[in-house]
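Please look over the sequence and the model shown here, and then follow the report below section by section.

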Amino acid sequence: MARRIAVIEKDKCNPQGCGGYLCIRVSPGNRMGNEVFVIGPDGKAQVNEEVCTDAESITVKKCPFGAIHMVKLPEKLTEKPVHRFGIDGFSLFSLAVPLFGQVNGILGINGIGKSTAVKIIAQMVMPNFGIKEAAATATEAKGKKEEEKEPINKLIKMFKGSEAQVFFEKVRDGKIRVSMKPQAVDAIPKTFKGTAQQLLHKVCSDSKKIAAVAEELGIGNVLETEIGQVSGGELQRIAIAAAVLKDSQSSNVFVFDEPTSYLDIKQRIKASQYIRKLAKPETAVVAVEHDLIVMDYLADSVHIMYGEAGAYGIASKPRPTRTAINTYLEGYLKEENMRFRQHEIRFETKPPKKVIGKEGLVKWGDFSKKLGKFRFTAAAGELPKKHVIGVLGENGLGKTTFVRMLAGEIKPDVGSIGASVRISYKPQYIHATEKADEQVTNILAKAQNDAQLMARLEIEPLLLKKVSELSGGELQRVMIAKCLAEDADLYLLDEPAAYLDVEQRIAVSKLLRERMDVHGKTALVVDHDLLLVDYISDMLMVFEGEPAIKGEAKGPFSMEDGMNSFLRSLNITLRRDKDSNRPRINSPESRLDREQKAQGRFYYS
Ligand code: SF4
């Protein structure tokens with residue numbers, strides 16, 4: 001019989017918000033006198049898995065925050081968890097073990113255990129093999145050899161006969177030294193006060209080495225800047241530099257948890273090239289990444305993580321990157337005979353539209369704006385009706401300034417822009433400062449009448465939360481829903497993919513595309529996820545210039561012309577994958593790369 005686990009996601013459980021332990025009040029088991037749901041020591045609900053029956057599916061549905069999971073584990077899963085967070089917490093069943101000489105990617109949705117898996121590899125989390133197991137070991141331990149109590153020895157036993165056994169033997173013998181870049185780089189300024197240079201000096205005393213790494217990552221100009229003053233993209237690259245410089249003589253496993261968030265496409269490519277160079281026969285690199293084009297470019301092999309978000313996660317064995325990404329999109333692991341998603345994610349081959357003879361919605365003449373040292377200019381252009389216009393360009397070239405001018409938030413110094421049309425705008429920065437104490441249900445009064453929007457963005461479990469309680473990805477989904485729920489002529493979305501996992505990005509892309517098509521509306525979408533921009537756009541605006549000094553908006557162009565000009569500036573070429581149709585970056589100097597460059601065809605057509 002398939003095993004079942006019962007889980008309460010503590011960060012979602014909100015006993016005040018549900019009117020006081022709703023689960024305890026409605027649980028059929030509790031009504032029969034069993035203590036299925038109780039109040040845990042942390043004041044949150046706690047579920048007793050031993051007495052939890054199928055009848056509790058009603059309780060799962062009643063929790064307004066979606067905090068309760070009752071999940072049947074796959075029948076083939078016979079192992080015990082490697083780690084479990086508390087007696088009714090998330091379980092991780094396997095690990096993605098680094099392979100020497102390779103960049104090993106980890107792909108999966110948020111809440112599936114990717115960060116926990118890499119923290120165990122980095123020895124930042126000591127596995128407990130399921131909390132009950134750990135407790136049993138503690139009581140039975142008397143009389144056993146001392147070393148058998150150690151988690152590393154248990155891992156060696158657990159993974160006997162696999163790559164993982166060899167890896168953990170090296171860990172036990174002190175031959176593995178891990179350096180890790182954590183996911184949440186925005187937490188760094190909260191714990192460190194000082195310049196970027198001082199932060200890097202804390203992990204490396206060699207100033208020449210710091211300067212060389214900073215130069216390669218393009219952060220040489222911010223070394224003297226206070227950490228609290230640098231941008232998100234700069235902070236990300238400082239964190240990558242710190243991970244590489246830390247014990248650089250001795251680290252032989254580098255772990256990068258989401259190394260490209262906040263980076264523009266040019267920086268993503270550069271950071272990927274830099275990270276790739278770290279993989280040598282004597283070193284291994286592990287990277288968690290949500291941008292599929294970047295993952296494809298960065299990794300040699302990929303572990304797919306699947307399961308149920310918040311409840312349990314399993315890491316597949318590694319597959320070559322192309323196969324792994326296509327398998328992920330298919331939702332079916334053939335070798336494991338495991339379907340982890342009911343539907344396949346498909347990319348259609350659509351010929352780039354040559355958009356001519358369209359009806360205009362918003363028009364502007366040449367205009368310019370000076371903001372401190374930064375000068376922004378735009379050549380005359382027009383947004384047509386019933387189109388999605390993608391916007392690509394490096395950070396610091398004025399993309400957000402342009403969007404804010406379109407939205408009427410700021411005015412140009414010379415010339416004019418400003419739409420006499422109804423605009424709905426989702427800004428880039430969506431920090432929960434304003435309305436932090438408001439419940440999502442109040443913010444999304446209109447969206448709640450739109451069942452498609454609510455379902456596709458999975459808003460329902462967020463409705464009773466306060467805005468300040470939302471994670472980055474949840475807040476992003478709420479703000480996208482708010483923007484799209486408005487009845488507008490022009491939808492402006494600035495970086496809608498930020499904080500979203502790979503599946504949410506695809507879901508948002510499809511939703512946007514469908515809504516603009518069905519309602520005949522126009523959207524302008526700024527993003528650094530090339531796959532998303534390619535998927536949704538009919539036309540493209542390209543921003544050029546020198547970051548923080550001068551920026552120029554050009555277009556809109558046809559997709560072919562815009563992409564060719566943008567990809568040429570990055571010196572990369574794109575092709576479609578022959579099986580999945582997804583866009584892929586050609587390997588530099590590969591036959592296709594050389595052919596396409598020779599023909600001036602940087603974008604597939
Ligand atoms: Fe309320 Fe859900 Fe928490 Fe139970 S699990 S106390 S129903 S929020």
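Predicted model: local features only at pLDDT ≥ 70, side-chain atom pairs only at ≥ 80, totals over all residues.

In which sense do strand S20 and strand S24 pair, and over how many bridges?

## The pairing of S20 and S24

Strand S20 (residues 388-393) and strand S24 (residues 539-546) run in the parallel sense and are joined over five bridges. Strands here are DSSP runs of E with at least two residues, helices are runs of H or I with at least four residues, and both are numbered from the N terminus; two strands count as paired if DSSP finds at least two bridges between them.

Residues are numbered from 1 along each chain as its sequence is written, and side-chain values use heavy atoms, with hydrogens and water left out.

## The sheet around the pair

Both strands belong to an open sheet of eight strands with mixed pairing, whose order is S17-S18-S25-S24-S20-S23-S22-S21. Its edge strands, S17 (367-371) and S21 (423-426), each pair on one side only. From one strand to the next the twist averages 15 degrees.

Helix H19 (residues 502-519) lies across S20, strand S22 (490-494) and strand S23 (522-526), and runs at about 155 degrees to S23. Such angles run from 0 to 180 degrees between N-to-C directions, the axes being lines fitted to C-alpha atoms, for helices over the stretch in contact, where contact means heavy atoms within 4.5 Å.

Proline 556 lies in strand S25, and the peptide bond that joins glycine 555 to proline 556 is cis, with omega about 10 degrees.

## A positive phi elsewhere

Glutamate 258, found in the loop between strand S9 (253-257) and helix H12 (265-278), has a phi near 55 degrees, which is a positive value in a residue other than glycine.
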